[in-house]
Every structure is written in C-alpha cells, then in structure tokens.
Amino acid sequence: MVLKLYGNPNSTCTKRVAVVLHEKKVPFEFVVIDFAKGEHKTPEYLTRQPFGQVPYLDDDGFILYESRAIGRYIATKYASQGTPGLIPTDLKKQALFEQAASVETSNLTRTRQRPYLRTCSRSITVSPPIQRRSSLDWDSLNQTGCLRPDLEQAEELTLADLFHLPYGAMLEGAGSDIIQQKPNVARWFNEIASLPSWQAVKGGVTSVASYA
C-alpha cells in the first residue's frame, strides 16, 4: 500500500518529510490539509495528530507524526533503496549523526525561525541578547564543523543535512543572509540546497506515483 503523507504543500515540516521520501525514492500520496479551512483542527484530524499540526504519515494504518521521527522511520524502513546511509550504521558515525541532528533541532531551528516570524509579523521583536545568541550559534557551526567532521571535505549525506533544508531555505526569503556570511556553512548549505530532492519539493509538495 502506498504511503500517505498528510500536510500542507508549503509547510516547512511537510517539506522536511517529502525531501526524505524523494531521497529514498519512495512513492507517496500527498493529502493536502487546508489551514485556511481549519482542517488541521477538526476532531477527525486530531485523532491522528493530537496537536493539530502537520505533517503525519499513514503507512497502511500505522500513524506517525513529528517530521524528524517520520524521516528516521522512512530512512530505516527503506534503507536498501535510494540514497544510502542517511542514518549511518557505524557506531561512531551514528553518534556524530545524532549529534548533528541534535544541533539542528536544539541550537539552530529557533534562530532560523525568528527572521521569518519577524517578516510575517511586525509585532514580533527580538532582544539584543537573543540576536547575539543567534549569531554565536552560526559562528559555532562555521568554525567547528559540528554538522560534519569537516565541512571542507565531502561527507556522506545524512538526515541531519536534510533536516536543515526547509528553515535554512526560508532565511533568504525573510531577508537574512546569515548563511552566506559564513563561508563553510554557505559551501555546505549551497551543496545540499542543490539536491534534486530539495528542488522537487521546495516550491510545494505533491504526490509521486513512481520514480524513473
């Protein structure tokens, strides 16, 4: 049975799942959830996603939500197809992958959300201490290569890279050039942003019946 992905075409978290599906060459049916109609808050929807958010995945009756959890599930279930090694099996490489994934979630997601939120609502302000913390987070990434052991060298693509794409790509549209200010980060991000999987979903998620 084909996987069903429920989400909004332009949702960052929906795109995070879709890019993994494309990397693993997994066909899927995309079911659009219309925010304007409040479809994500209906009683029926809340039985599958109790927080009223997108996306969630239906794999023949198995329901899973939270985009990063879905990404791990897809990468594990379809490990033998598409791009290999999205979750490394070597113990130390897996530990570094989990470190990088944690950095993405805990240290960088919030700093990428703020410029976008300020663009959407002029009532949102960011205090100088938070602005300084945001800059420090990106400086740390640029200097330490905490996503990959060495951003100067080609490394295997992992989910940690893909998880960055939706919010990272949003920064430029929000008027922020912070990624391009950091040479190592810019080199890495420009590389992953050029992936065919991201090009396929960056403008909006759609169903995929098969892959050539």
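Glu66 is placed in the loop between strand E4 (62-65) and helix H3, where helices (H or I, at least four residues) and strands (E, at least two) are DSSP runs numbered from the N terminus. The model is predicted, so that local features need pLDDT of at least 70 and side-chain atom pairs count only at pLDDT 80 or more, while totals for chains, interfaces and linings use all residues. Residues are numbered from 1 along each chain as its sequence is written, and side-chain values use heavy atoms, with hydrogens and water left out.

**Overall architecture**

- The chain has nine helices and four strands, and their order along the sequence is β-α-β-α-β-β-α-α-α-α-α-α-α.
- Of its 212 residues, 46% count as buried, a class that means under 20% relative accessible area, against over 50% for exposed and partly exposed in between (1.4 Å probe, protein chains only).
- Among contacts (heavy atoms within 4.5 Å) with a separation of 6 or more, 68% are between residues 24 or more positions apart.
- The accessible surface comes to about 10900 Å², with 52% of that area belonging to carbon and sulfur atoms; the areas come from the Shrake-Rupley method with a 1.4 Å probe, and for residues only the protein chains shown count as cover.

**Backbone features in loops**

- Glu66 has a phi near 80 degrees, a positive value in a residue other than glycine, and with 41% relative accessibility Glu66 counts as partly exposed.
- Lys25, in the loop between helix H1 (12-23) and strand E2 (28-32), likewise has a positive phi, near 55 degrees, and is partly exposed at 45% relative accessibility.
- Val54 and Pro55 are joined by a cis peptide bond with omega about 0 degrees, and Pro55 lies in the loop between helix H2 (43-46) and E3.
- As background to these features, most residues other than glycine have a negative phi, and most peptide bonds are trans.

**Salt bridges**

- There are five salt bridges in the count, each defined as a side-chain nitrogen of Lys or Arg within 4 Å of a carboxyl oxygen of Asp or Glu.
- Lys77 and Asp59 pair through their side chains at 2.5 Å, N to O; because Lys77 lies in helix H3 (residues 67-77) and Asp59 in strand E3 (residues 56-59), the pair ties together parts that are 18 residues apart in sequence.
- Within that pair, Lys77 is partly exposed with a relative accessible area of 42%, whereas Asp59 counts as buried at 8%.
- Arg68 and Glu104 form a salt bridge at 2.8 Å, N to O, which links distant parts of the chain, with Arg68 in helix H3 and Glu104 in helix H4 (residues 91-120), 36 residues apart.
- Both Arg68 and Glu104 are buried, and salt bridges that share partners join Arg16, Arg68 and Glu104 into one network.
- Glu44 pairs with Arg48, their closest N and O atoms being 3.9 Å apart; Glu44 is exposed at 57% relative accessible area, while Arg48 is partly exposed at 30%.

**Packing of H6 against H8**

- The axes of helix H6 (residues 159-173) and helix H8 (residues 183-193) come within 10 Å and cross at roughly 95 degrees, which makes H6 roughly perpendicular to H8.
- Axes are lines fitted to C-alpha atoms, for helices over the stretch in contact, with angles running from 0 to 180 degrees between N-to-C directions; angles under 35 degrees count as roughly parallel, over 145 as roughly antiparallel, 65 to 115 as roughly perpendicular and the rest as oblique.
- Asp161, His164, Leu165, Gly168 and Ala169 in H6 meet Trp188, Phe189, Ile192 and Ala193 in H8.
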